[in-house]
Amino acid sequence: MALSEPIVIPQASDLERLARAWAQPRGFWGWFMNVHHTAIGVRFMVTSFIFLLLGGILAALMRWQLARPEHGVLGPDLYNQIFTIHGSTMIFLFAVPMMFQGFGVYLVPLLCGTRNIAFPRLNAFSYYIYVVGGLLLWVGLLVKTGADAGWFSYVPLSGPEFTPGKRSDFWAQMITFTEVSALGVAISIAATILRHRAPGMTLNRMPVILWEKLTVAIMVIFAMPAVMVVSSMLLMDRTINTQFFNPAVGGDVLLYQHLFWFFGHPEVYIIFLPGTAIISTLVPVFSRRHIYGYIPIVCSVVATGFLGFGVWVHHMFATGLPQISESFFTAASLMIVIPTATQFFCWIATIWHGRLQLRLPMLWVFGFFFVFLIGGLSGVMLASVPVDWQVHDSFFVVAHFHYVLIGGALFPMFAGLYHWIPKITGRMMNEGLGKVHFWLFFIGFNMTFFTMHFLGLRGMPRRVYTYTPEMHWGALNTLATTGVGFMAAGIIVFLVNFFDNKASGRLAGPNPWSGGSLEWATASPPPPYNFAELPTVNGREALWDAEPNQPIVRGLREDIPEVLVTHSLDSDPEYREESPGPSIWPFLTSIAVSIAFIWSIFSPWGIAYGAIPVVITLIAWLWPRGHSPARRELERREEPWTR
Amino acid sequence: MTGAAFFITSDQFHCGVSLLVGGGPGRHRMLDPAGPQAGNIEWLYWVIFWILLVVFVLTIAGFARAAARTRTSATEMLPIVKDPEGDRRAHWAVGSAVAVTVLTLFAILVMSVITGKKVEGLTSQNPITIQVIGHQWWWEVIYPNAQADQTVTTANEIHVPVGKPIVLLTNSADVIHSFWAPSINGKRDLLPGYSSAFWIQIDQPGVYHGQCAEFCGLQHAHMGFSIVAESASAFAQWQERQLKPAPDPADPEPRRGRQVFLTHACLMCHTIRGTGAGSRFGPDLTHLASRSMIAAETLPNTRGALAGWIVDPQRIKPGNQMTPNPLEPDDLEALVSYLGTLN
Amino acid sequence: MDALRERPVLDVSGLPTVAFGRSNTTWLANVFYMMIEGTMFALLIASYFYLRTRTSNWPPANLPPTLSWGVINGIVFLVSLVPARYAQKVAPTGDRAKIRFALMGLAAFAVLNMVLRGFELANLNCRWYESAYGSAVWSIMGLHCGHLITEFVETVVILAVAFTDKMEGTRLVDVAINSDYWYFVVASALVSDFVVYGAARFL
């Protein structure tokens, strides 16, 4: 593409045409037809935040029950349902949908400098299917068939013999729903990053957060099938009497664990890499310099993605595996520390040679440093097989993974929310309230979870609904429960701040933090077409490195929604593609798929009969309407394109 | 082994932080080992702990120093600094930090593998063999012998001689359980379809406690066991007593109690050798009175607790496999008296 | 940002609106889809071999699936690559008659494959509820049947489009991508057959 040098003065009428072409439908049905990534991304964030609150309420109930020995608040049946739903909600309905889908769907097209995500309808479908999966699990709890075999649902406990009824089926189908959703979004995000980057944003100039989103999308593509396979095996064992896990006829209970953790450990990185990417994005902005060690950081992200698939057995050290495989997986688990440590050192170097402005998002980044460091170090202990034999399945592990997951996801999430809510809503959050939120949450968190290390060292196993006074675990448990109050207060402060922001926050303007990535190159909140002038990129921080006269992209049509497709590696423009507009069919398809999945819990024929409406809605979704852009192009330009 | 840790102790509502050496109250302390396996692991734990503490302090100091030296109080966002010189100096620091990390991790790996070999290598040609079978929610314990009448079967209370290697052959009758006595050794999962050998050794006489560590259903919380480590002679005596069938009770009340046992639901599930009761579904009760706890460490083995358990086990341990037995008061008295004679 | 500032531009109005092959976004999405499904096959096959290590008799009844139907269907799968490749070749020309011809051939092969698959299933010599071996065999075959049916429906729908004048522009790309997916179906059929028929005999 040669640069031409005409002088461009965008006309107000151009913007009007763009706004018409990208208009989002309104009204009740309009809500279900909207496929724009900003709308779907915000929905993912809001919905998963609601699930975070619900999961948090369950956590508080558990802590209340455990506050004292032989406390009678919850019976074992309810307690088991609550910890199962708590874990499943936090992993499947909060952490991944928030950190990967929510932030990814909202930010990736903006960071790429494009007008919509690739496959926006698939993306919208993924949202609805996720909501149905979440409702399925929670409706189960409310009608007293809450899953109760743990978020991991090990066989044989979750199998047909030891969990009769429908409890584990609800869990297994919830998995299918949420994984279909994650996979749909992974395809959309990976395709957007590889094909829709602004001209000039070569791979070597891609922001770290895009590298991470790409890595995570590919991890999702390889990890999620494992959990879909294993939850389907469980479901089939329960509904059509397959024998995958029945030792009496050649089945094997460890097969379940291998498949589950082949998904389960990459899942940890699927949750945690988006967190580090937020950190790598915020540290340069608030240190006022480019990130130190871009290439080591990118390599670390990608290496973590690879290594994440080689460590699953460290969840199974207590099963009595051969020593050689234990040593191998210890080595792999320790090796995965190296990329994370590298990132830590690069962040220190960035701050060291920058000018630190400790604004609210950066305060949460420092919270992350402290909390995640502790979680990472206790993770080194767990990677050591002999120590793991002791602390595995004890409260030490509970402490460890809450440090890793709350440290690696929740702290970066709040950092990211405080950073990007001005972009999403157009208004600044109150920094004072944000600091109150931080300190309440930080103190409460450490009070609750640091204490649990000691409980673990004193032999308190996980997933017990009560304990006797002779164990001397009471005082520590009381302290841990007290911390919950602080965390809850912090969350309430955040909600107050958020609703206050929506009503009366200070206007943010396009770039309140003078950040360098492309989402700050457009208005806050972004218009439905994202960018009036599509940007080109001249460096890793697009806005900081822009030439004074950085070119813009012209020539995409303004009468229909159109996006620019560029080369995967060097992001040279290749062709123009029509972006699918609003449609009700993704929603209707998600309903049809939901009916088939839920029906299959109750009858194996559900999937067969249920497939018929799925096929009908899919055909309606994909059937071409009107002529293709090429044909219209042909009519417009009156020049031959096809025969 | 010595080591210091912060423990938060004291009564229910008086939390104080105190520095204790080697543990605190409680009976599941993994850092208070009673045998070579747990001892080796404890050593490894403390070595890794101190290494990681140093790493933690250095890293936090790095962040604190970086923040302190460059922090500005400007309220507006400042312009971007271009600092290739800073980058060059950072290469050296970051590179050496990564190198130190790699070396540290390698040291941890080597120590971990060596300790693992040590712990797993504590075997013997001539061990005491004990079969441990996990059930929802109790432990079946068998001391196998080639001669069937020399086999001891008991539940939840494992007797072992001190100073001798013991191999536990583990298995599960239903779901996955995990055998964990923190002051003896790490845990070992009991998997249906798998049998595995798990070695322990206890050097100091005493009573050690443990608990199921793998979630196994409703009463996972009430699946404890104890290990009684005693001198070789005491162990031999215990074993000899356990081999005997239940004695015929002499007094009329226990005699009537045995009648109650044999005419009610009890014999559907339990064995008392020397009587007609031979079902293996629940724990073997032949020497029930010799055990100090009942219902997998849920209640002390007292007359009152036993009576309460027999009448309504579902109140005490909801969901467990034993059905309520609404016996007449004097039948219950007699039954408890009889069970008290099973020594 | 200042919408009225004078800026140099990168003019993309001359770019095409259709791209065949690797630069197409849908082609990329199809690759991701095949990666997902390929992982599923790989995991099911890995489970098959894992379960193999846990039993001495494989298959438990010592009666492997009847070879003939698997071999016949495998050969038919291989031959079906011809119409798939042909469809891919004629798609960029936009010649609707040829596209219809190719897709009809592909659909006919898919029907034949499904019929033969029915015979294969009837002669697996095991049932999914009898043993873990049976469950593993049927799940691999079942997953493949799902793909076969999906691909058949997709081909028929595209064929229907090819009977209208909407078969132009980006829809021609769909024809080509449909063939890519058929290659995947054939490849996974051959691998599954190799496991189901081969491993039961030689392991």
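A:Ile552 stands opposite C:Val9 in strand S1(C). This is a predicted model, in which local features need pLDDT of at least 70 and side-chain atom pairs count only at pLDDT 80 or more, while totals for chains, interfaces and linings use all residues. Residues are numbered from 1 along each chain as its sequence is written, and chains are lettered from A and ligands numbered from 1 in the order in which they are written.

**View 1. Strands S2(A) and S1(C) pair in the parallel sense.** The pairing of S2(A) with S1(C), residues 9-11 of chain C, runs over 3 bridges; strands count as paired if DSSP finds at least two bridges between them. Helices (H or I, at least four residues) and strands (E, at least two) are DSSP runs, numbered from the N terminus.

**View 2. Chain A meets chain C.** Here 65 residues from chain A and 51 residues from chain C take part in the contact, where two residues are in contact if their C-beta atoms, placed from the backbone, lie within 7 Å. Several elements of chain A each supply at least two residues to this side, including H7 (208-239), H8 (253-287) and S2 (552-554). The most comes from H6(A), with 6 residues. By class, the chain A side has 41 nonpolar, 13 polar and 11 charged residues. Ala, Val, Leu, Ile, Met, Phe, Trp, Tyr, Cys and Pro count as nonpolar, Asp, Glu, Lys and Arg as charged, and the others, Gly among them, as polar.

**View 3. Helix H2(C) has a buried side and an exposed face.** Look for C:Trp69, C:Gly70, C:Asn73, C:Gly74 and C:Phe77, the buried residues of H2(C). They cover an arc of only 135 degrees around the axis, so they sit on the same side of H2(C); the arc is that of the directions from the helix axis to the C-beta atoms. A residue is buried if 20 or more other C-beta atoms lie within 10 Å of its own, exposed if 12 or fewer, and partly exposed in between, with C-beta atoms placed from the backbone. Helices H4 (96-122) and H6 (170-202) of chain C are among what covers the buried residues. Turned away from the buried side are the exposed residues C:Ser68, C:Val71, C:Ile75, C:Leu78 and C:Val79.

**View 4. Domain 2 of chain B touches domain 3 of chain B.** The two span residues 128-243 and 252-340 in the domain assignment, whose bounds come from an automatic or database domain assignment. Their centres, taken over C-alpha atoms, are 22 Å apart. In this contact, 19 residues of domain 2 meet 16 residues of domain 3.
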